[in-house]
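Let's take a friendly walk through a protein model together. Please have a look at the sequence and the 3D picture before reading on.

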Amino acid sequence: MKPSRRELLAGLPAAAVAAQAQSGGANRPNVVLIISDQFRADCIGAMGMNPMNLTPNLDRMASRGVLFRSAFANQPVCAPARASIFTGQYPCRHGVWRNAIKLPEESVTFPKVMRHAGYSANYIGKWHLGTNDPNFPREQHGPVKPSERGGFLDLWEASNELEWTSHAYEGNLFDGDGKPIHFSGQYRTDFMTDRARRFLESPAARSPFLLALSYLEVHHQNDSDTFDPPKEYKGKYSNPFIPEDLRPYPGSWPSQLADYYGCVAKMDETVGTVRKMLADTGLDKNTILIFTSDHSCHFKTRNAEYKRSPHESSIHIPLVIEGPGFNRGMQISELVSQVDLMPSILQAAGLPVPASAQGHSFLPLLDRKTDGWRNEVFFQMQEFVTGRGLRTPQHTYAVMAPKGPGWKAVPSAEKYVEYMLYDNYADPFQHVNLAGRATHSEVARALRQRLLARVTEAGDAKAAIEPCWFPYS
């Protein structure tokens, strides 16, 4: 469904509407969006937190473009995070509040807006926003109906759940007709990148285009619970640097971190390949290249899973952008989140931001126009707990629904209880939970009121938040 012109123009500054009409869309930039799954932001060398030199290509991209040091997921799990990226909405608004819920077909997405303006909208890789029928065998969880593709109606070579329709060296994507595109004997990331090369070297890339490359790496392989780097990276990082947030906690990192780093290094190599393809075709001169992730990875140190918690190791994501308007060699410290990507991409392309978007364009931050920027991020948690949270520059504040019937399988709750509070200035690796401590009662009270306001503003169900049930004196 195409958004109406009224939907497209609502909320766009008058000057931008006039400029759009005058330009007629001439020289609009292409957009290539790379989504890596479960990628820790601190793995990027340019962040200055990991000495392993895993990301020379991303570091070069950051030095040329813009590195967002404080980018966050609005819900740290695959499907809700992706829906927030494409719609610019919080999960409580777009409706994908957990995995296995499809994106509503009527959703206004930035691919739809761009296609309405004459772009082609193309997708390769993992989708995770189509129908997920539990009665289907896993191998049938790949094809996605055109109406469920969020506006990506041109090239489509994807799998709804790539983690279940492929392994590292064998599997299937599915074309626009739902027919399998099989690969075998080639690493999954390389296969996808070769498909991207076919597109970038085709006549379709000579008109304005959006291309999303959604890789499964660096996500674990679900059926084996392993991180599977390519053979050339297997064992390369057998004596890895251990991030400070992981060190005090038991979890899967002792056996998995080395292979995770191998996947990170391969993902960085892939970014380098894409950058070279854009340069070789001359497309780099008019293409915005974006690298990000849906969520981070805490290696089962904070719960029994890899994410789904309020910690930095769940919600802190990478975001690096280069290309027209972004080649500034700068770092942005203000907090941004996934809902801000949609309006930012559209504004960078000279297109209207629909009124449905709840995020805000971060382009003014590049010119250091910070007045009015709300420097905090609202996020949700589901599946492991039902919770809500607020990330400010100094604090991470999170609440959860008390245990009860269905407490983990509901979109929202009438009552939450404070259960985590971290001072990220004093404790950047979040080792000391301050929730319930008398010394921080005033801080908690202020954050509680702020979170209640954000819950209402986001369109979430009205709720009450109780102070921590187990206060410290």
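## A sheet of strands

In what order do the five strands of the open sheet lie? The order is S15-S16-S17-S18-S19, and the pairing is mixed. At the edges stand strand S15 (377-381) and strand S19 (464-466), each with a single partner strand, so one side of each has no neighbour in the sheet. From one strand to the next, the twist averages 30°, where axes are lines fitted to C-alpha atoms and angles run from 0 to 180 degrees between N-to-C directions. Helices (H or I, at least four residues) and strands (E, at least two) are DSSP runs, numbered from the N terminus, and two strands pair if DSSP finds at least two bridges between them.

Within this sheet, strand S16 (residues 387-391) pairs with strand S17 (residues 395-400) in the antiparallel sense, over five bridges. Arg-391 stands opposite Thr-396 in S17.

## About the model

This is a predicted model, in which local features need pLDDT of at least 70 and side-chain atom pairs count only at pLDDT 80 or more, while totals for chains, interfaces and linings use all residues. Residues are numbered from 1 along each chain as its sequence is written, and side-chain values use heavy atoms, with hydrogens and water left out.

## Two helices

Helix H9 (residues 253-281) has 29 residues, which at 1.5 Å a residue should span 42 Å; its end C-alpha atoms are 40 Å apart, which agrees. The expected span is 1.5 Å times one less than the number of residues. Just after H9, Gly-282 takes a positive phi of about 80°.

Helix H8 (residues 188-200) has 13 residues and should span 18 Å, and its end C-alpha atoms are 19 Å apart, which agrees. Among its buried residues are Phe-191, Met-192, Phe-199 and Leu-200; buried means under 20% relative accessible area, exposed over 50%, and partly exposed in between (1.4 Å probe, protein chains only).

## The nonpolar core

Which residues touch the most other members of the largest nonpolar core? They are Ile-34 and Tyr-260, in a core of 54 residues. Such a core is a set of buried Ala, Val, Leu, Ile, Met, Phe, Trp, Tyr and Cys residues joined through side-chain atoms within 4.5 Å. H9 gives the most to this core, with twelve residues. A second, separate core of 52 residues includes Val-31, Ile-101, Ile-288 and Leu-363.

Ile-34 touches residues including Leu-213, Met-267, Val-271 and Phe-291, not counting residues up to four places away in sequence. Contact here means heavy atoms within 4.5 Å.

## Aromatic pairs

Rings of Phe, Tyr and Trp (its six-membered ring) pair if their centres lie within 6.5 Å; planes under 30 degrees apart count as stacked, over 60 as edge-to-face and the rest as tilted. By this rule there are 20 aromatic pairs. Phe-86 and Phe-110 form a tilted one, 5.7 Å centre to centre with 35° between the planes. Phe-86 lies in helix H4 (residues 78-87) and Phe-110 in helix H6 (residues 110-116), so the pair ties together parts 24 residues apart in sequence. Phe-86 counts as buried at 1% relative accessibility, and Phe-110 does at 0%.

The ring centres of Phe-227 and Tyr-306 are 5.7 Å apart with planes at 90°, so this pair is edge-to-face. Both residues, Phe-227 and Tyr-306, are buried.
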